[in-house]
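Here is a friendly walk through a structure that may be new to you. Have a look at it first, and then read on.

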Amino acid sequence: MDFFDNLPLLILLSSLLPGLAIFLVREENHVLRTSLNMFGALTKLALVGLMIWGVYHEWVSDMRWQIAPGLELVLHADALSVVFVTLSTVLWLVTTIYAIGYLEHSPHRSRFFGFFSLCVTATVGLALAGNLFTFVIFYELLTLATYPLVAHKGTPEAVRGARTYLTYTLGGGVLLLIGVVWLHTIAGPIDFQERGVLSGLTHLDPWTLRWIFLFMIIGLGVKAALFPLHGWLPKAMVAPAPVSALLHAVAVVKAGAFGIIRVVYDVFGVEYAAALGLLPFLGAIAAFTIIYGSVRALSQDHLKRRLAYSTISQVSYIALGTAILGPLATIGGVVHLVHQGVMKITLFFAAGNYAETLGIHHVSEMDGVGKRMPATTLAFSVAALGMIGIPPIAGFISKWYLGLGAFQAGAGFWVIPVLVASSLLNAAYFLPILYRAWFKPAVVKWPAEKPQSGRWEMPGALMWPPVITAILALLFGLLAGAPFSPLEWATLIAGREY
Amino acid sequence: MIEILWFMVDVMLVLLLLALAWTTCSSRDVMRAVTLFIAMGLLLAIIWARLKAPDLALAEAIIGAGISGALLLSAIRDYPSTAIAVDRSPLMHSIINTFTMALTIVMSWAAWHGLNMSDGVRLSEQVASQLAVSGVSNPVTAVLLNFRAYDTLLELAVVLTAVLTVLILNDKRADSTAPGPLLQGMTRWLVPLLVVTSGYLLWVGAHAPGGAFQAGAMLAAAMILLQLAYPSIHQGFNLYLLKILLVIGIFIFVLTGLWMMSVNDDFLAFSPAHAGTLILVIETAATISIAAALTLAYIGGRPTGWEADNHGNRAMTEKGGAE
Amino acid sequence: MSNAIIWVIMIPLLGSLISIIWSRYASLIAIISNLVALVASTAVLMRVYQSGPFLHELGGWHAGLGISLRADALSSILLVMSMTVISAATFYASAYFTDAAKRARFWPLWLMLTVALNALLLSGDLFNLYVTLELLGLSAVALTALSDNRAALQAAIRYLSIGLLGSLVFLAGVALVYAGYGTLDLATLASLVQANPLSQVAFGLMTAGLLIKSALFPLHFWLPSAHASAPAPVSAALSALVVKVAVYILLRLWVDVFDLVLTLSSTMLLGILGAIAVIWGSWQALQAQRLKLMAAYSTVAQIGYLFIFLPLIAALPEGALQDAAFTALLLMALTHGFAKSAFFLSAGVIQQYCGHDRIAELGGTARALPLTIFVISLSGVALIGLPPSGSFLGKWYLISSSFQAGQWWWIPVVLVGSVLATAYVFRILGHAFGPGESIGRVLNRGREEIPALILALFATLILGFGSAELWDLVAQHAEAAGN
Amino acid sequence: MISTQLLYALAGVGLFAIGLRATLLHHLLLPRLLALNVCGAGVFLIFIAIAYAGIEGMPDPVPHALVLTGIVVAVSATAMALALGRRLENIKSDAIKSEATKSETLKSAAVKPEAMNDE
């Protein structure tokens with residue numbers, strides 16, 4: 001299957017090449033740029049569809065490029081990478097539509113969309129990385145591609161936020177690099193393998209492995225925004241809304257979380273990691289971050305910052321799922337990768353819409369916004385309820401499996417309280433927003449309202465993306481048992497990992 | 001007996017040399033330092049002769065002491081102050097002293113070791129065995145222009161680079177004082193003598209001390225003298241030709257080398273039968289270039305109208321643009 | 001092209017002469033001769049790749065009596081790198097100097113610098129190395145002085161006197177070697193050298209002289225002012241090549257000739273100096289107020305990395321591990337060569353556009369000169385050592401060699417150095433992305449921006465992904481040296 | 001014979017050290033240049049001392065050739081350094097002059113701006 005071997009590369013190129021071409025497009029040439037964007041996104045979607053089909057039938061897709069002795073670039077499609085690739089591709093498509101609407105008439109769009117495409121390329125590359133070396137390369141590339149997006153506005157605040165982002169992520173990158181190189185020197189090249197590689201290598205010193213794990217988790221934890229490495233995330237909120245959406249729902253934080261899953265499952269092997277006593281350590285950090293993020297979110301009035309702290313908390317569910325030994329918890333963690341992405345991107349789209357249409361940036365300004373922007377607010381409500389864990393929305397499924405998994409592993413005594421507390425806190429910072437939006441009387445004058453034109457509450461390119469993602473969040477919950485649903489796929493992965 | 005006598009002479013020469021070097025380096029006045037430096041150069045020339053290096057003795061006298069001295073003396077005029085002050089801190093001063101003393105001891109030890117280590121033959125036997133096919137009978141010239149001719153080629157490039165820098169940076173020095181009739185009279189018979197000597201040194205280099213560098217420096221001395229006596233003499237000189245003279249040494253050298261490469265496979269591989277002639281041709285060209293370079297270095301910069309070519313070019317394009 | 005090794009030196013030399021005579025067409029002459037030399041250098045590399053190292057005995061005399069040029073993996077790779085950088089900078093310079101008189105002054109010296117670089121890389125003789133070092137030093141100083149302002153001249157004078165001192169110290173070492181071993185040929189010497197006091201002192205002197213020229217901390221003090229005040233294409237060559245060839249000779253002497261004399265503790269000392277250079281140079285780069293000065297300090301730091309490899313190479317067992325460290329060193333040097341030259345060329349474009357190169361006032365350049373800022377970012381990526389640059393691989397092996405040799409203490413140095421490099425590179429980008437008025441097209445000054453872009457792509461993409469051949473070549477080289 | 005060689009070689013080392021010390025001590029161009037030349041002379045002396053083969057013997061011609069090359073290189077470098085120094089002095093005095101004319105023009109309130117030499 002030659003074509004199938006090249007599929008990962010094609011998937012990368014489908015966003016890389018349009019991205020590079022977009023840099024050269026003249027600023028005013030809106031049509032060409034949009035066509036390139038949409039062409040890339042749709043091609044990628046089609047190719048990813050092919051890949052899902054292939055991986056489901058256990059076709060092996062493996063592309064190698066020797067860079068130096070013992071160092072190979074490996075692109076490899078397995079069940080786990082398919083989850084992340086699909087998530088990125090679908091959300092990229094939606095976000096691209098959103099961004100086209102959002103950035104209409106603003107300067108430097110060619111630069112923006114160019115880096116946007118590179119960012120997705122890096123994310124997909126990271127998902128398809130077949131070994132640690134490749135993973136590290138794309139991990140660093142992702143940082144580089146997102147920096148100009150965070151700094152895009154060019155204001156001192158944006159530049160400062162971007163610098164903070166960079167300091168954290170590149171610093172983390174170096175630590176990850178040290179951990180990976182160290183592992184390389186003692187264990188040779190490490191290709192990701194279901195059930196882990198290191199479990200088979202018994203001659204390695206367990207303490208060295210523990211140190212390596214620590215380096216890697218710190219390195220990955222920066223992007224996954226684990227406490228105390230989360231500081232960059234709220235500051236990076238200065239970026240334009242589509243960037244925040246992509247950064248927080250898909251690309252950056254998920255790259256960290258995905259990396260943690262890879263390291264625990266496909267490098268160490270979850271059982272070996274448990275045997276080394278690494279999982280409780282990871283679990284404790286994750287649990288603390290879940291609570292900490294939620295508590296901090298409570299006191300934020302700035303909407304995007306509240307969402308950012310919510311992200312810090314929610315992403316750690318994935319780490320928590322990874323840290324609990326047992327297939328059910330694994331399912332919970334992996335499926336949350338998708339569910340949280342879909343829900344969080346909805347929230348950010350909506351936040352962007354409020355800011356764009358009415359100039360609303362703070363929770364306290366949202367009184368009665370539901371009547372002015374019903375579709376957006378409805379999408380926001382679905383996603384927020386999902387975050388809290390109300391059935392039948394997607395978030396409920398994740399929490400359910402995490403809870404079951406905790407019981408299965410005998411960790412229920414500390415995981416359940418964390419889940420309950422976190423859900424209560426989620427409710428405490430989301431429900432007041434919903435209450436304000438729907439039930440409080442509207443203020444006379446919005447902070448900065450744009451004149452309404454056309455049929456909808458705002459341009460369609462801005463309105464439809466959150467609606468679509470909210471519907472997805474609902475469907476993922478309702479149809480969780482259907483074939484090819486995220487849950488089914490997560491079950492498939494868990495089956496292969498144990 | 002005679003050896004002890006020689007040794008005493010040697011010791012005296014060495015002590016004198018070190019004393020001159022020390023006073024040159026610790027002098028507080030530039031003029032004095034330069035004078036002492038020239039004296040040291042002359043003493044070195046004697047020492048080279050003593051150590052059976054007559055080629056060097058000649059070169060040192062003409063180039064090391066002569067041209068360098070002339071360059072330094074004329075440079076002094078450009079400087080506002082002639083006092084030399086050392087402004088290193090006492091600590092730094094003593095660190096430098098300690099460091100150089102330690103280095104002296106270590107290097108002396110190594111030199112002693114090295115002289116004992118070797119059989120003393122080194123490359124001289126190889127040179128002697130190949131001398132017959134080198135095209136010349138003076139072994140130093142054989143090394144310079146045949147065995148290690150590539151070094152000499154690059155050395156000419158060094159000279160050219162230095163002179164280009166001189167030309168780039170400055171205009172020719174303003175002519176200082178009107179030359180007296182005595183100088184002009186002396187020049188009239190001294191210059192032809194120098195030119196003839198130069199030609200002789202060039203010719204004799206093949207089998208006796210002498211060669212392109214000594215000859216070139218001698219020729220340069222003649223030109224400098226001429227320039228001193230008749231400051232405006234160069235104005236009638238074709239500067240385009242001067243450029244050609246400046247580069248012709250390397251040019252002929254490279255072309256000969258490439259030609260020989262096409263014949264004998266290796267760059268600069270002279271056929272033994274023609275080696276003598278070829279070396280003479282190269283040396284003649286090199287003499288001219290060295291003389292031109294050293295003269296230009298002495299006058300300190302571009303002769304009037306040196307870059308006329310470029311300025312003309314620019315003026316022309318400007319005109320063209322205006323049309 | 002069987003005599004490519006000669007052409008690579010003689011073509012620029014002839015070009016230099018012709019450009020003096022025919023100064024009106026000097027740009028054209030320079031471009032042609034450097035392109036021919038680039039082709040010739042590639043031919044040398046191909047020959048080494050196909051049939052291993054080879055000699056050219058100048059004058060037909062066997063090495064010892066005569067001088068031989070030698071090409072092996074190390075020298076031919078650096079030769080091609082140097083000619084690539086020089087060729088790109090030549091195109092750049094043909095647009096950079098707007099003043100006709102200045103351009104006419106530039107070309108002969110520029111070609112002479114090319115001659116010196118190539119001759120030095122191919123030289124197989126100790127005294128010839130001295131002559132090429134002098135040629136290199138003098139032409140570099142002359143080109144620095146071409147800026148013709150007070151700062152440049154003061155820097156040039158310092159550069160010259162330090163350079164002369166370095167060469168003389170080197171020559172003193174050569175004299176002692178000749179006293180002890182009676183030969184100047186490197187290959188012959190390699191077979192004769194023993195570990196004795198003479199070797200140690202001679203080797204020490206040569207090393208000291210070359211350390212001055214390669215600007216290893218604390219002997220770097222002359223570098224920043226000279227590299228920052230020279231015209232942009234000259235700075236590019238100085239930082240990317242001139243400093244690096246001094247390191248090349250050091251490596252050549254250490255690895256091929258004096259390996260018996262070398263002790264682990266002496267390499268450790270150099271490694272420590274290198275580590276200090278990394279930290280200190282990066283820190284100074286972060287403090288620098290001007291773009292070119294920043295780049296110059298960054299060079300001090302990057303040279304430091306090369307020296308950290310030495311104790312690792314000395315400590316690792318011969319074989320694959322040592323080869324890997326050696327190749328990584330080479331890769332770092334190559335990447336830095338391409339990246340730093342691209343950086344300086346771009347800095348020159350910025351300087352011409354803004355009329356200054358003060359970092360704090362670069363606001364809006366990202367809008368006005370997008371391609372130039374892109375090139376600066378690419379070369380910045382290589383300076384930091386992020387993927388996909390060649391220096392990422394270099395750092396990868398630096399870290400792994402440190403683990404393997406049990407010298408873990410270099411790892412924090414790499415970490416801090418990378419973080420500082422990130423800070424100084426992104427400080428520029430932060431300012432460049434700041435507000436500014438005019439909006440340029442993607443390509444504004446093609447003849448200057450495209451050469452810089454090509455060099456930056458070499459540093460990042462080509463060396464990052466396509467360096468597999470390099471490893472083969474070095475392995476081959478090591479095998480040949482072992483036999 | 002070896003004693004003569006050694007004597008002159010040691011003298012060369014001495015010369016080298018004297019020159020080196022002065023090079024490190026001096027900041028000014030001219031004295032530094034002289035010191036470098038002394039330093040170089042020391043190295044040359046070491047070479048020639050090595051080449052010496054006694055009163056009867058043929059000296060080794062290779063060091064002679066090397067030193068001849070070295071002398072020419074040294075004089076080239078000297079010429080270059082002096083040219084750099086001269087240019088620097090000229091720029092300095094031009095700056096002083098233009099400073100003076102500037103203040104004069106200011107005094108006389110002339111309209112002609114003075115062209116600056118520096119970049």
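Two residues are in contact if their C-beta atoms, placed from the backbone, lie within 7 Å. With that in hand, take chain D: among its contacts between residues at least 6 apart in sequence, 46% join residues at least 24 apart.

A bit of housekeeping comes next. What you see is a predicted model, where local features need pLDDT of at least 70, side-chain atom pairs count only at pLDDT 80 or more, and totals for chains, interfaces and linings use all residues. Residues are numbered from 1 along each chain as its sequence is written, while chains are lettered from A and ligands numbered from 1 in the order in which they are written.

**Chain D on its own**

Chain D has 3 helices and 0 strands, and its pattern along the sequence reads α-α-α.

For chain D, the average pLDDT (the predictor's confidence in each residue, from 0 to 100) is 85, and 85% of the residues score at least 70.

**Chain D and its partners**

Which element gives the most to the side of chain D that touches chain C? First, the totals: 27 residues of chain D are in contact with 22 residues of chain C. Helix H1 (2-25), helix H2 (29-51) and helix H3 (61-108) of chain D each give two or more residues to that side, and H3(D) gives the most, with 14 residues. By class, this side of chain D has 17 nonpolar, 5 polar and 5 charged residues. (Ala, Val, Leu, Ile, Met, Phe, Trp, Tyr, Cys and Pro count as nonpolar, Asp, Glu, Lys and Arg as charged, and the others, Gly among them, as polar.)

Over on chain B, 68 residues are in contact with 62 residues of chain D. H4(B) gives the most to the side of chain B that touches chain D, with 11 residues. That side divides into 43 nonpolar, 14 polar and 11 charged residues.

**Two helix pairs**

Axes here are lines fitted to C-alpha atoms, for helices over the stretch in contact, and angles run from 0 to 180 degrees between N-to-C directions.

| Helix pair | Axis distance | Angle |
|---|---|---|
| H15(A) and H17(A) | within 9 Å | roughly 165 degrees |
| H10(C) and H13(C) | 7 Å | about 160 degrees |

The angle makes H15(A) roughly antiparallel to H17(A), and H10(C) is likewise roughly antiparallel to H13(C). (Under 35 degrees counts as roughly parallel, over 145 as roughly antiparallel, 65 to 115 as roughly perpendicular and the rest as oblique.)

H15(A) and H17(A) cross in a left-handed way, whereas H10(C) passes H13(C) in a right-handed crossing. (Left-handed is when the near helix is turned anticlockwise from the far one by less than a right angle, right-handed if clockwise.)

Methods
Helix = DSSP H or I, 4+ residues; strand = E, 2+ residues; numbered from the N terminus.
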